[in-house]
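Notebook open, model loaded. I want to look at the open space first, then at the packing.

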Amino acid sequence: MCVMISTSMYHSDNFKNVLNYVEKYKGRVGVEIFPRFDEGEFEKVLKECVPFLKNVPVSFHEPSFEIEHTADIHSNEYKKTIHRLSSMIKYGSVMGCRYIVYHHNNCVVPLDKKEEMLKVSQDNLHEVSQLLLPYGISVAVENAGIAANNTMLLNENEFISFCRESVCNVVIDIGHINANGWDLRNVMLSLKNKIISYHIHNNYGKSDEHNRIFDGTFDFNEFIKYYREFTPNADLVLEYKEEMAERENEICEDIDFLFEMAAENKRALA
């Protein structure tokens, strides 16, 4: 089990702030990189951070605003998707990236296009998996999309069925679970042998707000109970909104809480 910080709350100008956690926790906190290669300075900043990030657990999260796996293979969207993925591989292979988080889609899903979009995305998932194979980087599929925005390609049962049949690992975003009204216990129990990581944040059940873990209607204590029961070794990735970027003391409170939770898990298993 590893506690990690997602850089989704940062841009190029403050990306290096994530190193504050790397330093404070002496390598005990990992980093999930949400790359912003669309920003001119980002690659330079990332390159400067590599020597520090090589010393902690690292994963990459495909940037949802630049990658679309339902795009036709001949489209510019598809070409950009593969280009951005290649950039992640370039740095991920140097830093020992453990996995790259995959969204089946990041766009609206018209009902009459759903089947076609899913087929394209599944074909692309296979291609991405093969592309990563030589670098020892795995793909982890996330329960992406928000029902209220009509961006959810797979509902709860469909997602579980897909993941059970897939060779890929799974990342569960508990904020999406809450916003979409899925059954937390059912998802965790059904996929307990596939889940390697959780994106943790909270919301009030309607939109993907990325609040702190106790700021919302999601019952985080219930999650802790199921986490201990089903997936006690899965990573926990704090994935917060941009407004949290400068609130490091509050983020450290949540990190410390997660470490204490992990310690209690060990005591319970002893």
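This is a predicted model: local features need pLDDT of at least 70, side-chain atom pairs count only at pLDDT 80 or more; totals for chains, interfaces and linings use all residues.

Entry: I looked up the largest pocket and found about 520 Å³ of space in it. It has 24 lining residues, and the closest to its centre are Ser64, His103, His176, Asp208 and His210. I then sorted the lining by class and got 4 nonpolar, 12 polar and 8 charged residues.

Entry: How many cavities of 30 Å³ or more does a search of the whole structure find? I got 1. The largest cavity holds about 50 Å³ of space. Around this cavity I listed His104, Asn105, Glu142, Asn143, Ala144, Leu153, Leu154, Phe159 and Trp182. By class, that lining comes to 5 nonpolar, 3 polar and 1 charged residues.

**Entry: the cores.** Next I checked the nonpolar cores. The largest one has 81 residues. The residues with the most contacts inside it are Ile33, Leu53, Ile172, Tyr198, Ile200, Phe223 and Ile255. Another core, of 7 residues, lies apart from it, and its members include Cys2, Met4, Val101 and Ala140.

Leaving out residues up to four places away in sequence, Ile172 touches Asn143, Phe159, Ile177, Val187, Leu191, Ile195, Ser197, Tyr198 and His199. Two of these names were already in my cavity entry: Asn143 and Phe159 also line the largest cavity.

**Entry: helix α2.** Which residues of α2 are buried? In this helix, residues 42–53, I noted Phe42, Val45, Leu46, Cys49, Val50 and Leu53. Seen down the helix axis, the buried residues of α2 fall within an arc of 160 degrees, so they line one face.

**Entry: Val22.** Buried or exposed? Val22 sits in helix α1. Its relative accessibility is 12%, and the cut-off for buried is under 20%, so Val22 counts as buried. Beyond residues up to four places away in sequence, Val22 touches Gly27, Val29, Val31, Phe52, Leu53 and Val56.

How values were computed. Residues are numbered from 1 along each chain as its sequence is written. Side-chain values use heavy atoms; hydrogens and water are left out. Buried means under 20% relative accessible area, exposed over 50%, partly exposed in between (1.4 Å probe, protein chains only). Helices (H or I, at least four residues) and strands (E, at least two) are DSSP runs, numbered from the N terminus. The arc is that of the directions from the helix axis to the C-beta atoms. On a 1 Å grid over the protein atoms alone, a cavity is a set of points where a 1.4 Å probe fits but cannot get out, and a pocket is an open set with protein on both sides within 12 Å along at least five of seven lines; lining residues have an atom within 4 Å of a point. Grid points are joined across faces, edges and corners, and a volume is the space filled by probe spheres set on the points. Ala, Val, Leu, Ile, Met, Phe, Trp, Tyr, Cys and Pro count as nonpolar, Asp, Glu, Lys and Arg as charged, and the others, Gly among them, as polar. Contact means heavy atoms within 4.5 Å. A nonpolar core is a set of buried Ala, Val, Leu, Ile, Met, Phe, Trp, Tyr and Cys residues joined through side-chain atoms within 4.5 Å.
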